[in-house]
Amino acid sequence: MTLAAGYRLVDGAPSTDDYVRLRRESGLSVKTAEQGSAAITGSWAFRHVVDASGGVVGMGRLVGDGAWYFLVADMATLPEHQGRGIGSVILDSLLEQIHAEVPAGAYVTLTADPPGRRLYESRGFVDVAPARTGMHLVTN
Ligand SMILES: CC(C)(COP(=O)(O)OP(=O)(O)OC[C@H]1O[C@@H](n2cnc3c(N)ncnc32)[C@H](O)[C@@H]1OP(=O)(O)O)[C@@H](O)C(=O)NCCC(=O)NCCS
């Protein structure tokens, strides 16, 4: 997958303001600047995509231990830029870094919202059910 003309993939995180804006404008839950800042410094890998004017239009990251366990998070493309390969290029680049730097057998997990399901399936992700059950806990 290659990016449409005018877009550029950047290895690294966007600014905290862009992180918060992309989550909000792509329909993900709203996070504070403090959460965004910690997410950026605490990630194992981060990618974002800018458009021709330099504005950040997409992002995605990996939280991980650098050894074998990774979580795909914050996959978000602004609505008006969706369907142009941005999410695919970001995910491919993140997975390439795992292939390049981590021994085979890495476990890469995610929770798929409906908009991302097809993208993840196309990259080889499979449902943990019925063998196992995904679970989560959200603190008060
Ligand atoms: C999921 C998401 C990051 C994909 O980003 P994207 O830049 O649109 O991704 P791509 O252009 O590479 O498209 C990947 C797949 O997403 C789907 N898709 C993308 N845009 C779409 C749209 N507007 N409507 C329906 N499906 C769409 C397509 O099925 C596409 O697969 P295909 O190439 O086989 O047709 C984006 O849709 C998004 O930000 N959604 C809202 C936020 C969200 O739910 N993120 C978390 C997902 S777990």
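**Helix crossing and an aromatic cluster**

User: Happy to look at this one with you! At what angle do the axes of H1 and H2 cross?

Analyst: The axes of helix H1 (residues 16-25) and helix H2 (residues 33-41) come within 9 Å; helices here are DSSP runs of H or I, at least four residues, and strands are runs of E, at least two. This is a predicted model in which local features need pLDDT of at least 70 and side-chain atom pairs count only at pLDDT 80 or more, while totals for chains, interfaces and linings use all residues. Residues are numbered from 1 along each chain as its sequence is written, and side-chain values use heavy atoms, without hydrogens and water. With axes fitted to C-alpha atoms over the stretch in contact, and angles running from 0 to 180 degrees between N-to-C directions, the crossing is roughly 110°.

User: Thanks! Which residues of H2 make the contact with H1?

Analyst: Contact means heavy atoms within 4.5 Å. From H1, Thr 16, Tyr 19 and Val 20 take part. Their partners on H2 are Ala 33, Gly 36, Ser 37, Ala 39 and Ile 40.

User: Which residues form one aromatic cluster with Tyr 69?

Analyst: Rings of Phe, Tyr and Trp (its six-membered ring) pair if their centres lie within 6.5 Å, and planes under 30 degrees apart count as stacked, over 60 as edge-to-face and the rest as tilted. Trp 68 and Tyr 69 have ring centres 5.2 Å apart and planes at 80°, so this pair is edge-to-face. Tyr 69 and Tyr 107 are stacked, at 5.6 Å centre to centre with 25° between the planes. The cluster partners of Tyr 69 are therefore Trp 68 and Tyr 107.
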